[in-house]
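Here are some notes to go with the structure for a first reading. They are meant to be read with the structure open.

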Amino acid sequence: MTSVPMAEVQEMVARLAAGTETLRVLEAGCGSLPRTLDIGPRAHLVGIDISREQLDRNDAIDEKILGDIQAHEFEPDSFDLVICWDVLEHLPRPELALDNFRRAVRPGGLVVLKLPNVLSAKGLVTKFTPHGFHVWVYRRIFGYPNAGKPGFTPFRTFLRWSIAPHRLVDFAGRNDMVVEYVATYEADRQTGLRDRLRLRGRPWAAVNRLARRASRGRLDLEGTEVLVALRKPVAGGV
């Protein structure tokens, strides 16, 4: 099964950490779980989440902010690294959060985003089906008995077009940020589901090719997830 293509982004974070005495990191929408990226031992981790319950259960962060990443006013140029992991899809105005990240990260710093790809089979189904259906899928198909209960996934999802992969690249270009890395990949959960339903081999590949051609390369049935790293340039250079 496919795993997150993390190595290149992890190497960028390691280089960033090596260049500073204390790496200041913002985990945007931190929830209750530890971060996925390794930020090293010399890091000060600030977590912001809209849920007090989630913040209280997160013991991996050094500083907690109860707030909305779409509206919170971070100090400009105050973080070396901003991480936003599976959060943007839950926001009605994700572009506001992206603007906040751009302002909050220092020149030379990174904004790392991981989110579902709205231009995938999974993304389109999620976008155009009600939340109750998502809860049913998590409980009946994926086997999560607490799905949909307070504090448990799946949370309400908007999946705005503004966070499609090509739109994130456009956002970087409009705001003088450098796209250091962008990739789509298939989540293990969908790979396993396709295996169970026997959606594989040449017929599946043919359907995926047809979808990509019809959408001019933008729709990718297998590319369920997006991983992006954006760098804020230093004045006078990259």
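Which residues of the largest nonpolar core touch the most other members? The model is a predicted one.

1. The largest nonpolar core has 37 residues, and those that touch the most other members are Ile69, Cys84, Leu88, Phe101, Val111 and Leu113. The elements that give two or more residues to this core are strands 1, 2, 4, 5 and 7 together with helices 3, 6 and 8. Strand 2 covers residues 43-49 and helix 8 covers 201-214.

2. Leaving out residues up to four places away in sequence, Cys84 touches Ala28, Ile69, Phe101, Val112, Leu113 and Lys114. Ile69, Phe101 and Leu113 are, like Cys84, among the core residues that touch the most other members.

3. Another core lies apart from the largest one. This other core has 25 residues, including Val25, Leu45, Ile83 and Leu110.

4. Seven strands make up an open sheet with mixed pairing, in the order 3-2-1-4-5-7-6. Its edges are strand 3 (63-66) and strand 6 (178-185); each has a single partner strand, so one side of each has no neighbour in the sheet. On average, and with direction ignored, neighbouring strands are turned by 15° against each other.

5. Within the sheet, strand 4 (residues 79-85) and strand 5 (residues 105-116) are paired in the parallel sense, over six bridges. Val82 has Val111 of strand 5 as its bridge partner, and Phe79 stands opposite Val105 in strand 5. Strand 5 is mostly covered, with 10 of its 12 residues buried.

6. Helix 6 lies across strand 5, strand 6 and strand 7 (225-231), and runs at about 5° to strand 7.

7. Is Asn100 buried or exposed? Asn100 belongs to helix 3, which covers residues 94-104. Its relative accessible area is 8%, so Asn100 counts as buried, the limit being under 20%. Beyond its neighbours within four places in sequence, Asn100 is in contact with Ile69, Gln70, Ala71, His72 and Phe74.

8. The structure holds five aromatic pairs. In one of them, the rings of Phe128 and Trp161 have centres 6.2 Å apart and planes at 50°, so this pair is tilted. Phe128 is in the loop between helix 4 (121-127) and helix 5 (131-141), while Trp161 is in the loop between helix 5 and helix 6 (165-174), so the pair ties together parts 33 residues apart in sequence. Phe128 is exposed at 58% relative accessible area, and Trp161 is partly exposed at 39%. Lys127 lies over the face of Phe128, 5.9 Å from the ring centre.

9. Tyr138 and Phe142 form a further pair: their ring centres are 5.7 Å apart and their planes stand at 90°, so the pair is edge-to-face. Tyr138, Phe142 and Tyr144 make up one aromatic cluster. Phe142 is partly exposed, with a relative accessible area of 25%. Arg189 lies over the face of Phe142, at 4.6 Å from the ring centre.

10. What remains is the backbone. Most residues other than glycine have a negative phi, and most peptide bonds are trans. Thr153 and Pro154 are joined by a cis peptide bond, with omega about 0°; Pro154 is in the loop between helix 5 and helix 6.

11. Asp176 is not a glycine, yet has a positive phi of about 55°. Asp176 lies in the loop between helix 6 and strand 6 and is exposed, at 60% relative accessible area. Arg216, also not a glycine, has a positive phi of about 55°. Arg216 is placed in the loop between helix 8 and strand 7, and is exposed with a relative accessible area of 79%.

Technical notes
Residues numbered from 1 in each chain as written. Predicted model: local features only at pLDDT ≥ 70, side-chain atom pairs only at ≥ 80, totals over all residues. Heavy atoms only, no water. Helix = DSSP H or I, 4+ residues; strand = E, 2+ residues; numbered from the N terminus. Buried < 20%, exposed > 50% of the residue type's maximum accessible area, 1.4 Å probe, protein only. Contact = heavy atoms within 4.5 Å. Phe/Tyr/Trp six-rings, centres within 6.5 Å; stacked < 30°, edge-to-face > 60°. Lys NZ or Arg CZ within 6 Å of the ring centre and 35° of its normal. Pairing = 2+ DSSP bridges. Axes fitted to C-alpha atoms, helices over the stretch in contact; angles between N-to-C directions. Core = buried A, V, L, I, M, F, W, Y, C linked by side-chain atoms within 4.5 Å.
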